[in-house]
Amino acid sequence: MSWTKVLSADALSSGTRQVVKVGDRNILLLNHEDQLYAVENACPHLKLSLKKSKITEDGAIVCPWHRSAFDLRTGEVKEWIVWPPVVGKAMGMISQQKVLPVFPVRVEEGSIWVDVE
């Protein structure tokens, strides 16, 4: 494992998110209900930013562009390209489902650490 210190722990209060650079990756850090998550800041469909995504009650992050949904803990696909209506369904049949990369995250000595390997 290759842990990288990315932020002060108090820089990410509950309900906030921030994109950080770790190596050549843009990682979206989220503090959702006092639980930290680290995911690739690019939807696997078209690589568009997830920074403005919403989080559902069942713990999914929903892409603001085509509304694909991914489990925050595992990155597994919950819904694939559901927007826009009709066109999204056709796009979903053409584009193979892809898992959202998620990364281990921890707080230690007042800092947030992410492992991208």
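Student: Leaving aside its neighbours within four places in sequence, which residues is E40 in contact with?
Tutor: E40 touches R25, N26, L50, L100, P101 and F103, where contact means heavy atoms within 4.5 Å. Before we go on, this is a predicted model, in which local features need pLDDT of at least 70, side-chain atom pairs count only at pLDDT 80 or more, and totals for chains, interfaces and linings use all residues. Also, residues are numbered from 1 along each chain as its sequence is written, and side-chain values use heavy atoms, with hydrogens and water left out.

Student: OK. Where does E40 lie, then?
Tutor: In strand β4. Strands (E, at least two residues) and helices (H or I, at least four) are DSSP runs, numbered from the N terminus.

Student: And is E40 buried or exposed?
Tutor: E40 counts as buried, at 14% relative accessibility. The cut-offs are under 20% relative accessible area for buried, over 50% for exposed and partly exposed in between, with a 1.4 Å probe and protein chains only.

Student: How many residues of β4 are buried?
Tutor: 5 of the 6, so β4 is largely enclosed by the rest of the structure.

Student: Which strands does β4 pair with?
Tutor: One is β3, antiparallel to β4 over 6 bridges. Another is β9 (residues 102–103), also antiparallel, over 2 bridges. For a pair to count, DSSP has to find at least two bridges between the strands.

Student: What about the turn joining β3 and β4?
Tutor: That hairpin has 2 residues between the strands, and E33 takes a positive phi near 50° there. There's another hairpin with 2 residues between its strands, made by β2 and β3, where G23 has a positive phi near 60°. Strand β2 (residues 17–22) and β3 are antiparallel over 6 bridges, with Q18 partnered by L29 in β3.

Student: Why would a positive phi get a mention?
Tutor: Because most residues other than glycine have a negative phi.

Student: Where is K47, and what is its phi?
Tutor: K47 is in the loop between β4 and β5. Its phi is positive, about 65°, although K47 is not a glycine. K47 is exposed, too, with a relative accessible area of 58%.

Student: And E109?
Tutor: E109 has a positive phi near 50° and sits in the loop between β10 (105–108) and β11 (111–115). E109 is exposed, with a relative accessible area of 75%.

Student: New topic: the inside. Which residues touch the most other members of the largest nonpolar core?
Tutor: L30, V39, L50, I61 and L72, out of 14 residues in that core. A nonpolar core here is a set of buried Ala, Val, Leu, Ile, Met, Phe, Trp, Tyr and Cys residues joined through side-chain atoms within 4.5 Å. β3 (25–32) and β4 (35–40) each supply at least two residues of this core.

Student: What does L30 touch?
Tutor: Not counting residues up to four places away in sequence, its contacts include L12, T16, Y37, V39, I55, I61 and L72. There's also a second, separate core of 12 residues, with L7, V20, A38 and I112 among them.

Student: What lies over the face of W3?
Tutor: R106, at 4.2 Å from the ring centre. The charged end of R106 also sits over the ring of W113, 5.6 Å from its centre. The rule asks for NZ of Lys or CZ of Arg within 6 Å of the ring centre and within 35 degrees of the ring normal.

Student: How many helices and strands does the protein have?
Tutor: 1 helix and 11 strands. Of its 117 residues, 40% count as buried.
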